[in-house]
Structures are given as C-alpha cells and as structure tokens.
Amino acid sequence: MISWFNCMMAIIWREGLRFIHQKERFFSALVRPLLWLFVFAAGFRAALGLSITPPYQTYVTYEIYIVPGLCAMIQLFNAMQSSLALVYDREMGAMRLLMTSPFPRWWLLISKLLAGVSVSILQVYAFLAVAALYGIRFPAVGYVAVLPALLVSGLMLGAIGLVLSANIKSLENFAGIMNFVVFPMFFLSTALYPLWKMAESSPLLRDICSWNPFTQATEAIRFGLYGKFSPEAALWLMVYLAVFLALCLIEVRHLRNRTRSEQPAR
Amino acid sequence: MTGRNTPALRVENASKSFGAKRALCDVSLTAAPGEFVAVLGINGAGKSTLFSLLTGLLDCDDGMVEVLGHDITRSRTAALSKLGIVFQEPTLDPDLSVSQNMRYFCALHGISKARSAERIGACLAQLDMVERKDEKVRALNGGHRRRMEIARALVHEPQVLLLDEPTVGLDATTRSAITNHVHQLARDGMCVLWATHLVDEIGYDDTVILLHEGRVVRNGKAAELGGSEGLYALFDTVRKAGAAP
C-alpha cells in the first residue's frame, strides 16, 4: 500500500514541479481572475444590484459575489490546462511511461487528477490572498471550510478535462474546447450572475444554468467560503463527480488503443 | 507461473490492424533469458507496433503476448514489473534533473525511497552517468539522454529489456558503446529485444527476426543467416523487392 501512495505522491510531485518550472503558467492563472475582479467586477458594481440570497446575510458588492465563481474558473482553466498537457504528453510519448507503470490504470488516473487539483488549489489560495489584499475578505473559517469544496469541484472539472483529452486527437483540436466547453460552462453558470437574475431574462437560461456542473462547483465554493454547507450543491457535485469519473475510467480502458491509432506502423 | 522452461518473451500469432491497414500479421516469436533478439525491419515493417503490443500499450486483435509466463493483458501488473522499456521517442522530463527523472520512474514502479537511492546510484554508475545526476535533462546531449533512458529502464531490475531503435540519431561511437553495453546485459542473463533497421548493430550470436510488412520473413541466428554480410544481402533484397524474399 505504501508503494501505491508513493506512486501517487510522485505524480503529484512531478505536476507540482512542472508548475513551478512554468512560472508564466502561475502568473497567467492569477492574471485571468484578477482582471475579472479588478476590471469587470469594478465596472459592473454600479450596474448590477444583487438581492440577499444564501449564503449572504446582507447586501454584498459585486466584487464579493464574483470571487467564488472566479475560484471555480481558476479550477476550470487548470483542468483544461492539465488535459491539454495530457494531449501533449500523448503526442510526445511521455504518456507511455505512465501507461507502462505496473500500477492499475485507475490508480494512475486518480493520482493524475489529484495532482492537477493540488496545483489548482494552490492557485485558488494565491488568488484569495490577492483578493484579501484588495479588501475582499471572507470569514477565517471559510478559508479552511472551502477546501473540501475545492477538492471535489477540482476533481470533477479535472475528470471532465480528462474525458475531453481522451477524445482529442491532436493539440490543434484543443482550441475548440475553449469555445465549446470553457466559455459556455463559465457564462452559463452562477459565476457571474445569480440564478434568479438569469430567470428574470429567461427561465430556460436559468434551467440550463442550474444543470451546469460548473454552477454546482461555484455554489459549493461560495457556501464553503462562508463556512457553510449547501447540501444541494454538494449532492449534485458528488453525482457529477461520479458520472465523470466513470466516464474517465471508460476512456482510460480504451486509451491504450488510441495512443498509437494515428501512427499505424513503423 | 514462471517455470524453469518458461520463455522470457512469447508472442503467438499476434495480429494488429489500424482500420483497414494490417500493421502486424500472425507474428510469433519466443526469447529465452540471456538471449539477444534483434527485430530487424525497414520503416513501416511493424517493429513499433510489435513493441507496443509487447509493452501492453496496444492490445492484440488476435494472438497473445506473454512476459515470463504472464499474459500482458490479463496479468498486466506482473508482466510490466518484469519489463524494462526504452522507447524510441524520448520520455524524459526535460525540466527535471537526471536523478529526479529516475526517482519519478522508481515511484511509478513502486520502489521504496531507500531502495531507489541505491538502485539509481548503481544504474547511473553502470552507464557512466553518475557525474550528471544533478544536471537537467534539457542540458544533456542525445547520447547521454539515451544512456539515461537505458539506466532508467534497468532501475527496477527487469528480467526482460525492450529497446525500440535506441540508437537513432546518435553518433557512431555512442551507438557502438550502447550496443556493446546492451549485449553485455544479455550475456549476463537478461533477455533483450532490440528493434532496429541497422544491420551493423546485430552480433553474430544474436537471434534475428526479420520483419517486413507486418510479417516475420526470416527468423534465426545471425550466423545461420550468413552473419553481417548475409544479413545485409537479405535485408537489401527485402528493401528492394518490397516483399518477402
């Protein structure tokens, strides 16, 4: 069992080192949500009125409202970046090293997902630290209570990324993911506007948003940041996690025959 | 499972297709411990597909692959733990140092930290790479990277070593050093399968499997096939004819 744990820790350690070596990745991961916070949210503060909805007990500024969604956005982009790295590893051959490890593939998959989540959690805390310096602070307990929500949402988003990467044949196809997955997931969620606001413009839009896994991730993080627990968000998050992990396992079973499908013979 | 007479490698009637393209057709081979098997073939002969079947990266459409009696599909863990693999494409992380790459590999094979330190030192020493253990892989030249990949493939003490065109792009001196080293490993009792398109890498006592268009067209000791000269002639005939001689 120790060797299984060592294997997992090595995969996490490698992902961490890779992240440290790619400093620009760290900064771009921070710049993106900070732009939303400092530019977009600041501009919308006056235009957008928000009523008091749980977990808030009083009126909050738009900057405060948007932070949980931006935390989830960091995890979403990190998940997509990790899946992009998987496509790259598959094209370059590095994936073969992992695939020829004697450990079961499902264990390697879980380890790989946890590695990506660990990096994304570090990014989220770095973002929350900058937000705190800007004056957006949450109850102290919230910084700890949000951790399980970040872990589960990170795993779920990572699993989505892995399913996508298994179905992408080359790096060039990855650009489509941004248009067809990342942007719709982010905009059709409660990251930027609450559900009741969506319902005002279109009940259908509200329904789509409420079924979006990213909405549940955002809400779980939002409640967590206030030291609260949303059973609804937690339940749906776990359901989505189970579904996407199952899809991942199915994909991994078929992955080995795809690793060389583009190169028939040499 | 692993008896005294169990071959180190056994491939029986293995076939693999990619869509309509037949990459391997009814390939069979066996290799004993201490045997050096050279899989010789031009580009497109099916060497890398065979290599992928042997490493479990691909499943056979028909047939089976066994490593020391363990079926690569059904007993994947047991089979892979006995295999040392050097891929044709580099699989090193260029941003990590030599020893970090080795440690990562050890963890992927479930080797304890204490044992890893011991084995990494021994394998790097075997390949004259100890002085470079703290260098980033990015800073190494092609020859050193290849040596490192071989050292890494030996770190978990495999009984079978698979190498897919390991000398591609290397200068003659490095090629010769690596070929000699791997031949020595076979003399020491390891089963080696070496995929190549270079006849001069094959020794007189090696077993040669000549692969062409996914089929085995000759199988025997290099000496029986006429040594280097005979192999050159045979290989040339296959290359020119584009079909089995």
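Modeller: What follows looks at one helix, then at its chain, and then at the partner chain.

This is a predicted model, in which local features need pLDDT of at least 70 and side-chain atom pairs count only at pLDDT 80 or more, while totals for chains, interfaces and linings use all residues. Residues are numbered from 1 along each chain as its sequence is written, chains are lettered from A and ligands numbered from 1 in the order in which they are written, and side-chain values use heavy atoms, with hydrogens and water left out.

The part to look at is helix H3 of chain B, residues 98-108; helices (H or I, at least four residues) and strands (E, at least two) are DSSP runs, numbered from the N terminus. Ten of its eleven residues are buried, so H3(B) is largely enclosed by the rest of the structure, where buried means under 20% relative accessible area, exposed over 50% and partly exposed in between, with a 1.4 Å probe and protein chains only. Among the buried residues are Val98(B), Met102(B), Tyr104(B), Phe105(B) and Leu108(B), and also Ser99(B), Gln100(B) and Asn101(B). The cover over these buried residues includes, from chain B, helix H4 (113-126) and helix H5 (142-154), and, from chain A, helix H1 (2-21) and helix H4 (94-99). After H3(B) comes Gly110(B), which has a positive phi, near 70°.

Turning to the chain around this helix, chain B has seven helices and ten strands, and 58% of its 245 residues count as buried. A compact globule with 245 residues would have a radius of gyration near 18 Å, and chain B agrees, with 18 Å; this radius is taken over C-alpha atoms, and the globule rule is 2.2 Å times the number of residues to the power 0.38. Of the contacts in chain B between residues at least 6 apart in sequence, 68% join residues at least 24 apart, a contact being heavy atoms within 4.5 Å.

Chain A, which supplies part of the cover over H3(B), has eleven helices and zero strands, and 55% of its 266 residues are buried. Its mean pLDDT is 84, with 89% of residues at 70 or more, pLDDT being the predictor's confidence in each residue, from 0 to 100. Over residues 259-266 of chain A, however, the pLDDT is below 50, although this stretch has 32 contacts in the model beyond near neighbours in sequence. Where pLDDT is low, the predicted coordinates should not be read in detail.
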